[in-house]
Amino acid sequence: MTMSRRPRTTIRISPKANIVSSPSIRKAEVYRYLRVDAEPNWSQRVREREGEIMTIASRPPVTITFTSPIISAVELMYKRRVRGLVVVDARGALKGTVTAMDFIGYLGGPSYNIVQERHGGDIYKALNSETVESIMNPTPVYILSNARITDALRVMVLNGIGFLPIIDKQGLPQGVVTEHDLVRHLVNKEISVKVTDVMTSNLVVTYSDDSIKRAAQLMSLYGFRRLPVVSREEGTIVGVVSALDIVSYFGSHAAFDVITGRSMEEALSTKVAELMSKEVYTIRDSEDVSAAAELMSKLNTNSLIVIDEAGEAKGIITERDVLLALALR
């Protein structure tokens with residue numbers, strides 16, 4: 001396995017990688033993988049029993065009521081270091097899900113008009129007066145607690161989701177399973193698929209002097225939870241910014257410390273360089289996908305920058321790519 005925490009001046013973007021502007025690129029690649037005549041043999045690598053999904057689930061799930069203010073959800077994700085929450089009703093039954101990416105959509109997607117039109121761009125009103133119900137997914141995909149692990153794999157791959165609630169027959173949440181849980185559990189030997197065969201060569205990047213609003217817009221548009229951060233002057237990858245970094249910026253209340261008034265735009269004008277991680281993890285394009293999975297699990301990250309023999313970045317591989325490779329092997 002080839003992994004490094006490379007100095008911020010060494011990872012140049014290969015000419016083979018494309019900086020793209022079309023939001024349909026990523027989805028098109030996923031659909032291309034899934035256009036097969038027969039459904040993949042989901043259970044070919046797993047011997048399991050009914051209900052075994054609970055053995056790898058995170059439980060109990062971290063929950064929040066749909067009437068809670070958005071700031072409470074963000075604070076909870078920050079404190080518990082989770083990428084999503086199970087939204088429940090007064091009875092405690094599943095009503096929806098809210099993830100870091102839903103919050104990103106609130107800051108950089110179509111939902112931002114709520115901030116502007118309903119709250120006049122006031123950061124305190126937008127986060128304290130607006131409820132979780134406004135940004136949550138009200139029709140979440142879920143599985144029952146008696147499901148098999150391969151049931152979760154099938155559901156997550158075919159629906160393109162990475163956060164899956166588990167409920168009992170009464171609709172009460174019992175746990176959640178994520179892409180990270182599945183990758184860590186299922187990939188324990190060589191898959192015989194090269195990283196270069198499943199990676200995305202269309203790199204969506206943000207620049208270190210971009211605002212976090214710009215980063216949120218890119219995440220919302222392309223559906224990536226992590227973006228490589230590039231130095232505009234040097235053309236090198238100098239860090240990575242994630243949806244959780246932005247959640248933490250608000251959940252820790254750091255956003256309130258940098259503003260002089262009540263403007264959400266002022267909070268969002270903070271530069272990406274202030275939030276990004278300077279540790280850039282890489283893997284060679286010639287490695288087996290299982291090596292990428294092992295590395296992601298070890299580093300607790302959901303993506304790796306793919307480099308060629310010259311050490312130049314040519315793409316990115318995510319946990320979702322790993323699951324696609326596993327499902328279609």
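1. Basis of the model. The model is predicted, and local features need pLDDT of at least 70, side-chain atom pairs count only at pLDDT 80 or more, and totals for chains, interfaces and linings use all residues. Residues are numbered from 1 along each chain as its sequence is written, and side-chain values use heavy atoms, with hydrogens and water left out.

2. Overall composition. The protein has 14 helices and 14 strands; helices (H or I, at least four residues) and strands (E, at least two) are DSSP runs, numbered from the N terminus. Of its 329 residues, 56% count as buried, where buried means under 20% relative accessible area, exposed over 50%, and partly exposed in between (1.4 Å probe, protein chains only).

3. Surface and contacts. The protein exposes about 14700 Å², of which carbon and sulfur atoms supply 45%; accessible areas come from the Shrake-Rupley method with a 1.4 Å probe, and for residues only the protein chains shown count as cover. Among contacts (heavy atoms within 4.5 Å) between residues at least 6 apart in sequence, 69% join residues at least 24 apart.

4. Strand β10 (residues 226–230) pairs with β11 in the antiparallel sense over five bridges; two strands pair if DSSP finds at least two bridges between them. Pro-228 stands opposite Val-240 in β11. Six residues lie between the two strands of this hairpin, and Gly-235 in the turn has a positive phi of about 70°. Strand β11 (residues 237–242) is mostly covered, with six of its six residues buried.

5. Helices α3 and α6. Helix α3 (residues 100–108) is mostly covered, as eight of its nine residues are buried; among them are Met-101, Phe-103 and Tyr-106. In helix α6 (residues 149–159), the buried residues include Ile-149, Leu-153 and Met-156. Just after α6, Gly-160 takes a positive phi of about 60°.

6. Ser-68. This residue lies in the loop between β2 (63–65) and α2 (70–80). Ser-68 counts as buried because its relative accessibility is 14%. Its side chain makes a polar contact with the side chain of Thr-65 (2.7 Å); a polar contact is a pair of N or O atoms within 3.5 Å, and within protein one must be able to donate a hydrogen and the other to accept it, while residues adjacent in sequence count only if both atoms are side-chain atoms. Leaving aside neighbours within four places in sequence, Ser-68 is in contact with Glu-130, Thr-131 and Val-132.

7. Ser-248. Helix α10 (residues 243–251) contains Ser-248. Ser-248 counts as buried because its relative accessibility is 13%. Not counting residues up to four places away in sequence, Ser-248 touches Tyr-78 and Arg-81.
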